[in-house]
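Subject: The structure I promised you

Hello,

Have a look at it first, and then read on.

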Amino acid sequence: MDIFFQQILNGLVLGSVYALVALGYTMVYGILQLINFTHGEVLMIGAMVSMTMVMLLQSLFPELHGVWIMIMAVAVAIPVCMVLSATIERVAYRPLRNAPRLAPLITAIGLAIVLQTLAMMIWGPNPKVFPDLLPTTPIEIGGAFLAPKQLLILVVSAVLMTGLIILIQTTSLGRSMRAVSENPKIALLMGINPDRIIAITFMIGAALAAVAGMLVAMNYNIVHFTMGFIPGLKAFTAAVLGGIGNVPGAVLGGLLLGIIESLGAGYVGDLTGGFLGSHYQDIFAFAVLILVLLFRPSGLLGERVADRA
Amino acid sequence: MSLQLPWTRKNAWIGVALLALALLLLPFVAGLFGNAWIRILAFAMLYVMLALGLNIVVGYAGLLDLGYVAFYAVGAYMYALLASPHLFEQFEWIRQTFPDGLHSSIWMVIPLSAALAAVFGVLLGFPVLRLRGDYLAIVTLGFGEIIRIFLNNLNAPINFTNGPQGISKIDPVQIGGISFGRSLDLGFITIPSVQLYYYLFLVLTVVVIVVSVRLQDSRVGRAWMAIREDEIAAKAMGIHTRNVKLLAFAMGASFGGVSGAMFAAFQGFVSPESFVLMESIVIVAMVVLGGMGNVAGVVLGAVLLYAIPEVLRLIAKPLQMAIIGDEVIAPEALRMLLFGLAMVLIMLYRPHGFIGRRHA
């Protein structure tokens with residue numbers, strides 16, 4: 001039972017990172033019906049920038065507490081990612097808004113290759129260590145153990161996700177975002193500048209990705225120029241699982257995917273009598289996705305999309 | 001007429017004959033610079049086949065498939081298992097049934113790989129029939145990953161695929177007593193092994209092109225395009241959308257399966273590493289960059305997208321030396337940088353692809 005609880009906790013940690021990234025996918029999709037394939041790379045750049053900042057701060061102020069270093073590092077990574085993401089939108093997506101649906105997909109893939117290569121040139125081709133900033137003694141919660149950094153991941157993601165939902169539901173900016181996603185033309189008539197709202201949406205998503213990037217780096221103690229790919233893919237899967245374009249759906253999908261993966265990795269061996277091992281973890285995630293979409297073709301919380309894809 | 005050559009019928013035939021002659025002689029020219037160049041040409045043919053197969057699904061039927069490489073993998077592994085010592089070494093009953101080892105004729109392998117891949121295509125097609133657009137994209141992507149993960153891990157407890165090490169010692173293609181694994185001595189000229197493969201792939205590519213062009217104007221081709229433009233209207237016109245979509249998946253997959261089998265024979269070795277998601281994405285990019293649904297465009301897209309990185313690999317260093325006079329950027333990095341930028345720029349300036357229809 002303790003092991004089960006432990007797996008659930010691990011899954012929640014994993015899932016809340018997926019959820020943070022999935023929010024970026026789903027917000028952009030809600031407004032533009034576009035899969036932002038560079039989102040994972042924005043996460044990677046966020047992780048890289050925070051790693052550099054951590055190194056710099058540690059050498060400048062050796063006595064500074066890890067928490068402060070973390071806050072200052074992410075405070076630099078967030079604006080960098082926001083500017084990067086707004087630039088990507090301006091250069092690669094906006095000119096193609098009336099182009100065939102697959103055109104922006106290709107520019108996104110091209111840019112993802114460019115970003116990875118640039119990161120490889122700046123930060124080198126080999127993985128780098130991301131130092132431990134928090135104490136490493138695990139905390140016991142009801143028989144299961146959680147490292148302080150994992151607890152931090154849970155808390156930070158919960159706060160950010162709540163903040164985002166409040167932003168979207170209650171503020172005037174959030175209302176504009178919902179209006180543009182409903183119908184950009186009518187929103188324009190109501191005095192909203194859709195281009196501005198779209199740029200802001202990209203920036204909010206990028207800020208979340210920057211934080212997620214640092215959390216991922218912290219969790220695995222490693223950064224690498226290809227590190228954005230897997231979380232990006234998983235988060236995209238999570239967004240679709242929850243119903244792409246739906247904000248609470250992304251959170252639900254992320255958490256669910258994390259738990260499924262964690263339980264899958266933990267129990268798949270027992271379930272199949274040792275035939276399938278824990279390296280089938282990814283199959284679990286995709287198999288569940290396919291099953292869910294079989295019965296709910298627009299995801300768990302997604303609305304029925306109009307019949308014009 | 002779908003190829004839209006601005007010539008009369010008679011002149012068009014002369015053009016085709018000249019093109020055929022050029023393609024036949026091309027490897028001799030490329031061979032002057034080394035067999036590596038012929039190899040590049042042969043691989044370009046493989047990618048043309050793959051891109052045309054995916055074009056049926058994405059270009060004709062408008063179904064975004066991000067896991068196409070799975071069918072390539074199915075074809076490749078099928079040939080690898082049927083024509084290498086791997087199964088022979090693993091299973092006692094195979095040693096007893098086939099005491100000389102497993103060797104398969106290409107005449108059996110081509111139809112079989114097409115059929116097997118088509119079965120996989122239908123397997124993928126069934127659950128995703130109700131999905132549209134991006135939901136379809138992620139499920140096909142997942143399917144591709146699932147196939148790759150299985151190939152990677154099916155080495156225990158029973159060793160089917162030999163896991164990440166892959167399968168080696170695959171027989172070369174053999175046609176009428178001529179083994180493609182060795183150079184062919186014609187008396188007055190010796191044709192190296194890679195060039196034999198080039199010709200084989202060229203023939204297959206021509207077949208695939210003809211099939212693609214003929215499909216375009218066929219009843220089923222029109223049904224695909226009707227579904228692409230408006231599924232509900234297509235249904236109202238009496239098109240059985242389920243069967244027609246499944247047919248698109250099956251046909252597209254079968255092209256991929258055949259290319260996969262050829263890839264395995266050509267390399268003599270397969271491993272899961274050749275079938276990663278990036279490969280699927282590049283094939284999609286070939287179709288979209290060339291011009292979805294346009295055969296000539298897709299051929300051009302495949303050749304260019306395969307050739308750009310290969311050519312850059314060779315010229316990245318000298319180019320830098322000539323312009324800047326020093327090696328500022330590592331050649332490999334410069335190559336990927338230019339490749340990514342090329343994709344972005346081409347799409348920005350030609351959003352419908354090189355040769356694309358204006359509407360859609």
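Predicted model: local features only at pLDDT ≥ 70, side-chain atom pairs only at ≥ 80, totals over all residues.

Helix H11 of chain B runs over residues 241-267, 27 residues in total. From its first C-alpha to its last it reaches 39 Å, close to the 39 Å expected at 1.5 Å a residue. Of those 27 residues, 21 are buried, so H11(B) is largely enclosed by the rest of the structure.

Now for chain B as a whole. You will find 14 helices and four strands in it. Its radius of gyration is 21 Å, close to what the globule rule gives for 360 residues, so chain B is as compact as a globular protein of that length. The C-alpha trace spans about 60 × 55 × 50 Å along its principal axes, and 46% of the residues of chain B count as buried. Among contacts in chain B between residues at least 6 apart in sequence, 73% join residues at least 24 apart.

Finally, the place where the chains meet. Chain A brings 36 residues to the contact and chain B brings 37. On the side of chain A, helices H4 (103-123), H9 (229-242) and H11 (281-295) each give two or more residues, and H4(A) has the largest share with 11. By class, this side of chain A has 29 nonpolar, five polar and two charged residues.

Enjoy exploring!

Best wishes

Notes. Residues numbered from 1 in each chain as written. Chains lettered and ligands numbered in written order. Contact = placed C-beta atoms within 7 Å. Nonpolar A, V, L, I, M, F, W, Y, C, P; charged D, E, K, R; others polar. Expected span 1.5 Å × (residues − 1). Buried ≥ 20, exposed ≤ 12 C-beta atoms within 10 Å, placed from the backbone. Rg over C-alpha atoms; globule rule 2.2 N^0.38 Å.
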